Structures are given as C-alpha cells and as structure tokens.
Amino acid sequence: MMEKSFYTGKGVGVCILDTGIYEHIDFAGRIWAFYDFLSFKRRPYDDNGHGTHVAGLAAGDGTASMGKYRGAAPGCGIIALKVLDRYGNGSQEDVLRAIRWIREYRQQYRIRVVNISVGTTCNSKKDHVRLVESVEQLWDEGMVVVTAAGNQGPRPGSITAPGSSKKVITVGSSDLLEGRSAISGRGPTTECVCKPDIVAPGNRIMSCVPGKPFSYGVKSGTSMSTPLVTGAIACALEKDPALTNTDIKTMLMNSADDLGLPRNQQGWGRFNRRRFLGM
C-alpha cells in the first residue's frame, strides 16, 4: 500500500510501453490513449497481464480494494502502448515505432514520463544501439524515461537494454539483490556505466490484473519496481511542473537510502518516496 500523498500526478501523462492495459475500475476515466502496435485493435486490452500490473503500480487509484492497493500516482493520465504480445515477447521494431509515436503525440497527451518495464538482452552492443539511441532521444527532448534493470542478475553486466542507457533512470529491485532470489540486473554496462540508478521493492507485489474489474494479482521482478518510481516522478511533476529530467535524477540520487551495497548493485540506494517528494 502506498502512503497517502497530497500529490497524485493529476494532469501528468504517464506513457507505459508494455503488453497493453485492461480497463480495470482502478483506471476509470484515466486511460487517455491506447495504441496497439501488434494487432491495431482500438479498445484497450491486455492478453498477458504484465502491462495492467505495471499500470496499476504506477497509476491505479485503489477503487476496487477500498484504497488498499493504490498506485504511486493515482490521479495521473495513462497512455498505454501495446508493444508486447500475449507471451510478453516483442520486436525491437515495434518498440521503436512506439517511441516515434510518443514523440509525435507527447504534447497532445501531456506525456512527461515514459515507463519501459521491458528489456532485451542482446549478444552484441550493436544489436541494441538503435533502441538505446531512441530512448535517449526521448530524454533529450525533455521526457523522463524510467526503465527496468531486467531480471538477468546477479552476474555483473546483466542490465538489459534500454536500461543500459547512461541517460535514462534504470530501476532495480531492492528486495531481489541478494541471496537465492538475486535476479535484479546489475552493471556495469558495456560502456562501463554504473547501473542501476536506484532500487525499489519488486518481490511479490500486488497490483491490478485483467479479468474482473476488481481483480488483483501478485507479480515479481524489476518490472514491478520501475512503476513505483515512475508514479512518484509524476507526482513530483504535478508539484513542480518546471522540473527537468536531470532535476528528477538529482532528486532521486539525493533522497535514496544507502543500503551499503556496491554501486553496480544498488545504484544510489533504495527509493525513498517521502524524501523524494519533500514530504
């Protein structure tokens, strides 16, 4: 359960690249846009469940659970782009097309934050260079891009693309860093950049799932950690719309709780929402 906050991300567009979104009651009236890059269906749907779970953590308002399972920005607008199929697989081309769509429609849908809880492991650096370049283009145009570190850990160099980008905010799982469940991706990247940037809870997290309008389910991984940070960023942008993406990065760095682990394991430390939002 998220701490109650005066800020809900109201008026801020949060774009989620994932498996789609189910029209859960917790999103009522706040799915500002949906685009399906696979089947081009018009109505929101999610034939996998991953995207709905991620969206719930970023933006669910907890209606179906009487406020128990509220997302990090329960008042933000949701722009859901379906780039992954029912098995959670997708092509780099579809992701690149979705990123071009964001650049075209960002002002229409007030997109300030982009959540990418998907990652790809590539055999060589050139395989993912276009993907990294395209997310960095979003960053250079002023959007805050938040990506998952991936679940390929704990070996060094296990950050997935585009989380390997030196510019974007890469999120690992604070409770999947050590022991037998240490799957959270870690740096350094092929360019010797320390990653992740920050870590947040990602193990056995409850959120919205497709099915009945009041369904919830449990999932684990860095995909679950990422929207907790994404939603808080939307709240920060509601509080101060003039913040830049580099401002946000600095705020995350300065507010994190040091876990005493190596930089390539924990980043700046565990995300601290209260301190980040100056509460």
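**Close-up 1. Tyr35 and its ring partners in the predicted model.** Tyr35 counts as partly exposed in this predicted structure, at 32% relative accessibility. With Phe37, Tyr35 makes a ring pair whose centres are 4.6 Å apart and whose planes meet at 50°, so the pair is tilted. Phe37 itself is buried, with a relative accessible area of 5%. Tyr35 also forms a tilted aromatic pair with Trp101, 6.2 Å centre to centre and with 40° between the planes. This second pair links distant parts of the chain, since Tyr35 belongs to strand 2 and Trp101 to helix 2, 66 residues apart. Trp101 is buried, with a relative accessible area of 10%.

**Close-up 2. The aromatic cluster around Tyr35.** Ring pairs join Tyr35, Phe37, Phe40, Trp101, Tyr105 and Tyr109 into a cluster. The count for the structure comes to 10 aromatic pairs. The pair of Tyr35 and Phe37 is among them, with ring centres 4.6 Å apart.

**Close-up 3. Helix 2 and its buried residues.** Helix 2 has 14 residues and spans 20 Å from its first C-alpha to its last, close to the 20 Å expected at 1.5 Å a residue. Which residues of helix 2 are buried? They are Asp94, Val95, Leu96, Ala98, Ile99, Trp101 and Ile102. These buried residues pack against strand 1 (13-18), strand 2 (31-36), strand 3 (77-82), strand 4 (111-116) and helix 3.

Close-up 4. The side chains of Arg130 and Glu93 meet in a salt bridge, at 2.9 Å from N to O. Arg130 is in helix 3 (residues 129-140) and Glu93 in helix 2 (residues 92-105), so the pair links distant parts of the chain, 37 residues apart. Arg130 is partly exposed, with a relative accessible area of 40%. Glu93 is also partly exposed, at 38%.

**Close-up 5. Arg103 of helix 2 and Glu141.** Here another salt bridge comes into view: the side chains of Arg103 and Glu141 meet at 2.8 Å, N to O. Arg103 lies in helix 2 and Glu141 in the loop between helix 3 and strand 5 (144-148), so the pair ties together parts that are 38 residues apart in sequence. The relative accessible area is 32% for Arg103, which is partly exposed. Glu141 is partly exposed as well, at 27%.

**Close-up 6. Arg275 and Asp257.** Arg275 forms a salt bridge with Asp257, and their closest N and O atoms are 2.9 Å apart. Arg275 sits in helix 7 (residues 273-276), while Asp257 is in the loop between helix 5 (245-255) and helix 6 (263-266), 18 residues apart. Arg275 is partly exposed, with a relative accessible area of 44%. Asp257 counts as partly exposed too, at 21% relative accessibility. A search of the whole structure finds 8 salt bridges, and the pair of Arg275 and Asp257 is one of the salt bridges shown in these views.

**Close-up 7. Lysines over aromatic rings.** Lys41 lies over the face of Tyr45, at 4.6 Å from the ring centre. The charged end of Lys249 sits over the ring of Trp139, 5.3 Å from the centre of that ring.

Close-up 8. Is Cys192 buried or exposed? Cys192 is exposed, with a relative accessible area of 65%, whereas Cys235 is buried, with a relative accessible area of 0%.

Definitions and conventions
Residues are numbered from 1 along each chain as its sequence is written. This is a predicted model: local features need pLDDT of at least 70, side-chain atom pairs count only at pLDDT 80 or more; totals for chains, interfaces and linings use all residues. Side-chain values use heavy atoms; hydrogens and water are left out. Buried means under 20% relative accessible area, exposed over 50%, partly exposed in between (1.4 Å probe, protein chains only). A salt bridge is a side-chain nitrogen of Lys or Arg within 4 Å of a carboxyl oxygen of Asp or Glu. Helices (H or I, at least four residues) and strands (E, at least two) are DSSP runs, numbered from the N terminus. The expected span of a helix is 1.5 Å times one less than its number of residues. Contact means heavy atoms within 4.5 Å. Rings of Phe, Tyr and Trp (its six-membered ring) pair if their centres lie within 6.5 Å; planes under 30 degrees apart count as stacked, over 60 as edge-to-face and the rest as tilted. A charge sits over a ring if NZ of Lys or CZ of Arg is within 6 Å of the ring centre and within 35 degrees of the ring normal.
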